[in-house]
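Subject: Structure handover

Hello,

Here is the structure I promised to pass on. Please open it alongside this note; my findings follow below.

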Amino acid sequence: MKKLLITLCILAIIPVACKKAPAAKNILVVLAHPDDEDALGPLLVKYGKTGKVWLVIATDGRLGVKPGYPVGDSLVLIRQEESRCRCRKFGIEAPVFLGFPDGFDTRNGVGAYMDMSEELKKKLTGKINELKPDLIITFGPDGDTGHSDHRMISNMTTEILLREGWVEKIPLYYLGWTPKDDEKFKLIGGLNTVDSNYLNVSIHYTQEEENTALEALFCNKSQLTEKEMQEWKEVELKDSGNTLRFRQLTVPVGKKTDF
């Protein structure tokens, strides 16, 4: 009888012992402005519990001016602290600020833009080499809301992976929105969308994870009013789908001699 009980215990334990736990992921999120991380809040909370999540912010956000708040360097410091506040609430690493000018364009001349582009790519490549992420997340070419800085950081990140031959080594995922998402957010601003057939990765998050992310919204006092933050929260809570969608960058290998 004793031998039978031992055998049953072994049989009961083996399936548990042999079940492989999901590997913790090291995720690098590359975005344009301090506050862009709000779009990915529940995902950052979800993966921050099991792995390391790093947030890299390319520009200083100084052009996001709201009445009643200082401008210039003072606003940069405020927005950086708001981003740190969100990261603490998400439970992820403190953000890395690359410090490039908000409005990353050619207004100061094409030459200056080209120089800044090279410097940004150099810094971002260095961070990727330093952090060695398992995957990278950024905006897609649609730019989320279509903001030029969003498109810029998507472009620069993609260029680095293509240039370095890292497409297979470090999978790159673009955040994408469907027409349904755009309709949901009409009250607080529209989104650029992607045909759902191309959004080949769906990440579900729990209501608890969403609740934590929504509380982090209220760090964002320099960019949103209390009313706007509350409206955003209410819009999200009405959507019980609790899913973010992505499109992975893929590049077929092999060569062809014609189109």
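Strand 6 and strand 7 (residues 243-248) run antiparallel and are joined by four bridges. Ser202 has Arg245 of strand 7 as its bridge partner. Strands and helices here are DSSP runs, numbered from the N terminus: strands are E with at least two residues, helices H or I with at least four. Two strands pair if DSSP finds at least two bridges between them.

A word on the source. This is a predicted model, where local features need pLDDT of at least 70 and side-chain atom pairs count only at pLDDT 80 or more, while totals for chains, interfaces and linings use all residues. Residues are numbered from 1 along each chain as its sequence is written, and side-chain values use heavy atoms, with hydrogens and water left out.

Next, the helices. Helix 3 (residues 73-90) packs against helix 7 (residues 207-216) at about 160°, with the axes 9 Å apart. Helix 3 is therefore roughly antiparallel to helix 7 (angles over 145 degrees count as such). Axes are lines fitted to C-alpha atoms, for helices over the stretch in contact, and angles run from 0 to 180 degrees between N-to-C directions. Arg86, Lys89 and Phe90 of helix 3 meet Thr212, Ala213, Glu215 and Ala216 of helix 7. Contact means heavy atoms within 4.5 Å.

Helix 7 also crosses helix 8 (residues 226-238), at roughly 170°, and their axes come within 10 Å. Helix 7 is thus roughly antiparallel to helix 8. On the helix 7 side, the contact uses Gln207, Glu210, Asn211, Leu214 and Glu215; on the helix 8 side, Lys233, Glu236 and Leu237.

Is Phe90 buried or exposed? Phe90 is buried, at 3% relative accessible area (buried means under 20%, exposed over 50%, partly exposed in between, with a 1.4 Å probe and protein chains only). Beyond neighbours within four places in sequence, Phe90 contacts Glu37, Gly41, Leu44, Val45, Ala213 and Ala216. Phe90 and Ala216 are 126 residues apart in sequence, yet 7.1 Å apart in space, C-alpha to C-alpha.

Best wishes

Conventions:
Parallel < 35°, antiparallel > 145°, perpendicular 65-115°, else oblique.
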